[in-house]
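Dear colleague,

I am passing on the structure we spoke about, and below it you will find my notes on what turned up in it. Please read them with the coordinates open beside you.

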Amino acid sequence: MAQAIAFYVIAACILGFGVLVISTRDTVHSVLFLVLDFLFVAALYVLLGAQFLAAIQVLVYAGGIVVLYLFVVMLVNLKRPPEAHQDPHRQTKLGFGLAAAVLVELGAIAAYGYAHPAAAIAAPATAAIPVSGNTEQVGWLLYTSYLIPFEIASMLLLVAMIGAIVLAKREL
Amino acid sequence: MSTERAVHHGAMFDTDELVINMGPQHPSTHGVLRVVLRLDGEKVVDCDVVIGYLHRGIEKLSENRNWTQIVLLTDRMDYVAAATSNVGYCETVEKLLQLEVPRRARYVRTILCELQRIASHCLWVGTHAMDIGAMTVFLYAFRERELILDLFEEFCGARLTYNSMRIGGLPQDIPPGWAKKVLEFCDIMTQKIDEYEELLTHNRIWLERTKGIGVIGGEEAIGLGLCGPALRGSGVARDVRKDEPYAAYDEMDFDVPVGTAGDTYDRYLVRMEEFRQSLRIIRQATEGLPEGPIVGKVPRLIKPAAGETYHAIESPKGELGYFIVSDGKSTNPYRFRVRPPSFCNLQGLRRLVRGHLIADVVALIGSIDIVLGEVDR
Amino acid sequence: MIDQLLIPLLKIVIVLNATLVAVTYMVLLERKVIAWAQSRLGPMRVGPYGVLQPIADAIKLMIKEDITPVRADRWVFTAAPIISMVPALIVYAVIPFGPTIHLFGRPVSLYITDINVGLLYIVSVASVGVYGIILAGYASNSKYPLLASLRASAQLISYEVAVTLTLVSVILMAGSLSMVEIVNAQFNQHVWFVFAQPMAFVIVLIGGLAETNRAPFDLPEAEQELTGGFHTEYSGMRFALFFLAEYANMIVVSSVVTTLFLGGWLPPFPNTPALHFLYYVPSWAWFLVKSFLFLYLFIWIRATLPRYRYDQLMNIGWKVLIPLAIVNLVITGIVKVLVS
């Protein structure tokens, strides 16, 4: 019961701050709401017993990536009124279409979940993990079942990093 | 944020320039210097040096005071080295009067000038190190400066603005036992200089912060009118004490240290060596102090014949020159003009800081060693 | 009930209060030690030898006028000092001051809690503390603080990478992320990790100096360059919060370094029969003495060294510390596999 209440409170906060992120006019405030959003997502992880994931969420997203967002936002200094509102190329119809598609998809997932309640809960082969403890389990899964996605993700990050260096520094 | 916005093209991303005011109220501008910096990130694109916040009109004021009263005004120019300003002025007037100064007075002047140089360099090494973040050197240097101030207090009763010189000689003879105290001070100071150097000279961070910062070649330094240690750091062995000896410097044996690279570190090394050379001069002058009168044959009413003269001495900051015109009729100078070394050195700041970072600006202001009282007068 | 609620609550109260007192007295210690280094006396007026100085300072700061600049971002300006203070305090939840002992016939652990991702918790909470400095600089709407906050964000992110990478090699040695388990691992292996991981120790120490904005890496608040940096526009108690957060972070760094590398509450060469008499010294005393040594080291460094320049700081972070951390990690991994 307590867990359910906690979940709904945290979920409501996540959604609320999510809305504030896109509705706030001041860019820095928007980034700050994003930080709060990430912190509450971390709280959700704690609720699920995934402390490792929660700590990583705070460390990487709230403490690392968003600091860089803030860095950029402060550097470009968006005190001037945003120009996007007068954008002539704005694809309003396409936007609504995409939003509707996402909504339909979410609805479909919810309906599917109601129809097949067992499938949603079935955990993938937890019993096969020979180690106990949160961190150990994450590590085990990353280096066995999900080794290839893990390596591909790191390759992708490496490529992105090199790309950023090439873009920023024209003469190497 | 920045109201003045200029856009840099050429780089792939357009960047804005940030204009910030360093001073006149800033911990590291040594008084009331104002430097307007144009920054690209932290890099200084250009800078404007704004002076005049401490202007008291000393030159004009001097034209309305009689010759003896002006000594006291010269105290207020380079207030951390008042004695050298006094000596410079008195010698200029003596040159105008063609007055012979007794040997003993010239020796005492030499001792005072060199003590003053050490005191001024103490203040410089302290604040320069403090600007770069080494706070302890500041306290150490002030501890030793205190000893010099005590010596001056015993000699003339004042600790900052001494009014320690009279035209034609000294206001009074040195107190008994003073010479011994000076020699004792020399022994203490010799050790303390090593102590400062231990904290800075081979310190890795200090080297990284000062080497290659504000490099200026000898030719260019002369072109900008730099003088004193700032010029000698660039390898030009110009020292008024050697080239046009005054007081008793022609009888002293000392070296003029010069740098090679012309960067902040070399200017630092030059001044550190000057500490030692000054001590050498003080020892020679104190041990060889001749007996005799302390004042020359000064007329009761000082009224030089019509004419003009320029006389320069080597103040701790560089060449301090006085240009004085007398009309031969009144008891005031007709024209009184000072060539202040700090002012001339400050001209180089704009050239030195361009392309460096904000942190280097602070180091460079320290490295040219300015006193705003002398810049603005 | 007592075990689950009262004792933890009591521990939290004790640790929080002890920390705040320690932080205020840390300021006095710093002033006294630096004064000693500089042949001065330091504060001498309030109480004998100035021991009441922190209290006088606190009263002064609290009754000072609290100024918010007109064009500041009011909400963020208010939040920034709180954001920097809170993470500095909640980190103490996982720092083990000693093992479980028996007090009045009841087992009491000398730490608030021991979570299995303790070290990661500390690192991630510390990473949130950065926001305090960045936002203070931004919200002041002033140029010097803005420059300082740009410096701070670049500096803290760079050094966080180096420190976190280095901590991984310690985790490899201990085989756990829990702070208590790391100390126990040092007990079982008979050696403080400073001897097993000297490189990691040095990197974490340097990184710790940089992350707490201490000399010679105190660029975000370099008084001589940026007139005080990010807290230029702050006054009164808000300024004090930044000040206290800095000292609280210093204590955190020394506690963490003590726990990870100097065996936490363990005496030297733990678990060696010949040195058993060292266990007569209480565990928490060992911990406090070791932490104090680091605090003293921090102050000593501040009194001695000049300040690095911004670009040099980044060079050290990215071109020296991070490669060293990676090399250290790889070597540790190889050795670990070869030994087991």
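In chain A of this predicted model, the C-alpha centres of domain 1 and domain 2 lie 22 Å apart. Domain 1 covers residues 1–79 and domain 2 covers residues 132–172 of chain A, these bounds being taken from an automatic or database domain assignment. Residues are numbered from 1 along each chain as its sequence is written, and chains are lettered from A and ligands numbered from 1 in the order in which they are written. Because the model is predicted, local features need pLDDT of at least 70 and side-chain atom pairs count only at pLDDT 80 or more, whereas totals for chains, interfaces and linings use all residues.

Chain A has seven helices and zero strands, where helices (H or I, at least four residues) and strands (E, at least two) are DSSP runs numbered from the N terminus. Of its 172 residues, 14% count as buried, a term that requires 20 or more other C-beta atoms within 10 Å of the residue's own, with exposed meaning 12 or fewer, partly exposed lying in between, and C-beta atoms placed from the backbone.

Turning to the interface, 26 residues of chain B are in contact with 24 residues of chain C, contact meaning that the C-beta atoms, placed from the backbone, lie within 7 Å. The elements that give two or more residues to the chain B side are strand 3 (18–22), helix 4 (103–131), helix 5 (135–156), helix 7 (204–210) and helix 14 (358–368) of chain B.

Within chain C, the axes of helix 5 (residues 143–174) and helix 8 (residues 198–211) come within 9 Å and cross at roughly 150°, the axes being lines fitted to C-alpha atoms, for helices over the stretch in contact, with angles running from 0 to 180 degrees between N-to-C directions. That crossing makes helix 5 of chain C roughly antiparallel to helix 8 of chain C, since angles over 145 degrees count as roughly antiparallel, under 35 as roughly parallel, 65 to 115 as roughly perpendicular and the rest as oblique. Among the residues that make the contact are Tyr159(C) and Val163(C) of helix 5 and Ile203(C) and Val204(C) of helix 8.

Lastly, Lys303(B) is found in the loop between helix 11 (264–287) and strand 6 (307–315) of chain B. Lys303(B) counts as partly exposed because it has 16 C-beta neighbours inside 10 Å. The C-alpha atoms of Lys303(B) and Trp67(B) are separated by 8.0 Å, although the two are 236 residues apart along the chain.

Conventions: Contact = placed C-beta atoms within 7 Å.
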